[in-house]
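Hi everyone, thanks for coming.

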Amino acid sequence: LVLLVPELTFLTGLSDLRKNSRMLKEVMWEMVQSPQQHYQRLTSLLRRVRDTPEASRELERWGLCLDTDIYRTQGHVLPAERINLRHRSFLPADDLGWHREVTKEVPIAVISINSWLLVYPKRVQHLAKDLVAAMRSSSGAMGIQVAQPTVQELRDDRIESYVRSIQSSLGSQDKVQLLLCIIPSGRDDVYGAIKKLCCVQTPVPSQVINTQSLTGHPGKIRSVVQKVLLQINCKLGGQLWGVDIPL
């Protein structure tokens, strides 16, 4: 039995919460809050300290007094940077995101996906078919050419099945630009084995997608596929966007 002093320990992961989506959502809501929400919680704490007799007496004993508002100062706001694509430039929106622009315009440098391998278990063949169709339909706006893949359908989703199939396919083909694998959700062991194989044993750019990302309404799946295409373009040596900040 190992006893840990709570005040001397820190939470370093949320692995046990992944299976509890409601609890994970609550934890993320606590962690990701707007500046206004942080301000409201801080001022609420200050008011509670002021209105609690025990806390007030303790502060008086130390000769301390807490203001009911936090210190305000004028911050320096940096000007927005212009984002450059191949054919046009733009300033990002107020949320400082530009995912919509880079999925509807041609990036600075594009690598066509001519020779690639798609590996998936037989039971998710409908997801694989939809994925390829979505990639080919979404790639046109980005100027990326996506050829039909070489398909490797597995009988099951065991690690050995993935590794054996990938090794056999990579060994029998001259040049594979990209390996794309669909794996069951929550299978970190399969993900780790594929990455070890593709990064160490048989180096090849790889993209792994879990089945949960490919299920849901069409808008969500299209967004996932667009992000996957952007990742693949970078992994193959493409350049998505640039800025004018001088060196």
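This is a predicted model: local features need pLDDT of at least 70, side-chain atom pairs count only at pLDDT 80 or more; totals for chains, interfaces and linings use all residues.

Okay, let's begin with strand β3. With β5, β3 pairs in the parallel sense, over four bridges, and there you'll find Val119 standing opposite Cys181 of β5. β3 also pairs with strand β4, residues 150–154, again in the parallel sense, this time over five bridges. Look for Leu118 there: its bridge partner in β4 is Val151.

So which residues cover the two faces of β3? On one side we have Trp116, Leu118 and Tyr120, on the other Leu117, Val119 and Pro121, and they're all buried.

Now for the largest nonpolar core, which has 32 residues. Among the members that touch the most others are Trp116, Leu118, Leu131 and Leu180. β3, α5, β5 and α8 each supply at least two residues of this core. There's also a second, separate core of 16 residues, including Leu154 and Ile183.

Last stop, the helices α2, residues 35–51, and α3, residues 53–61. Their axes come within 5 Å and cross at roughly 85°, so α2 and α3 are roughly perpendicular to each other. Val49, Arg50 and Asp51 of α2 meet Pro53, Ala55, Ser56 and Leu59 of α3. That's four nonpolar residues, one polar and two charged.

Key. Residues are numbered from 1 along each chain as its sequence is written. Side-chain values use heavy atoms; hydrogens and water are left out. A nonpolar core is a set of buried Ala, Val, Leu, Ile, Met, Phe, Trp, Tyr and Cys residues joined through side-chain atoms within 4.5 Å. Buried means under 20% relative accessible area, exposed over 50%, partly exposed in between (1.4 Å probe, protein chains only). Axes are lines fitted to C-alpha atoms, for helices over the stretch in contact, and angles run from 0 to 180 degrees between N-to-C directions. Angles under 35 degrees count as roughly parallel, over 145 as roughly antiparallel, 65 to 115 as roughly perpendicular and the rest as oblique. Contact means heavy atoms within 4.5 Å. Ala, Val, Leu, Ile, Met, Phe, Trp, Tyr, Cys and Pro count as nonpolar, Asp, Glu, Lys and Arg as charged, and the others, Gly among them, as polar. Two strands pair if DSSP finds at least two bridges between them.
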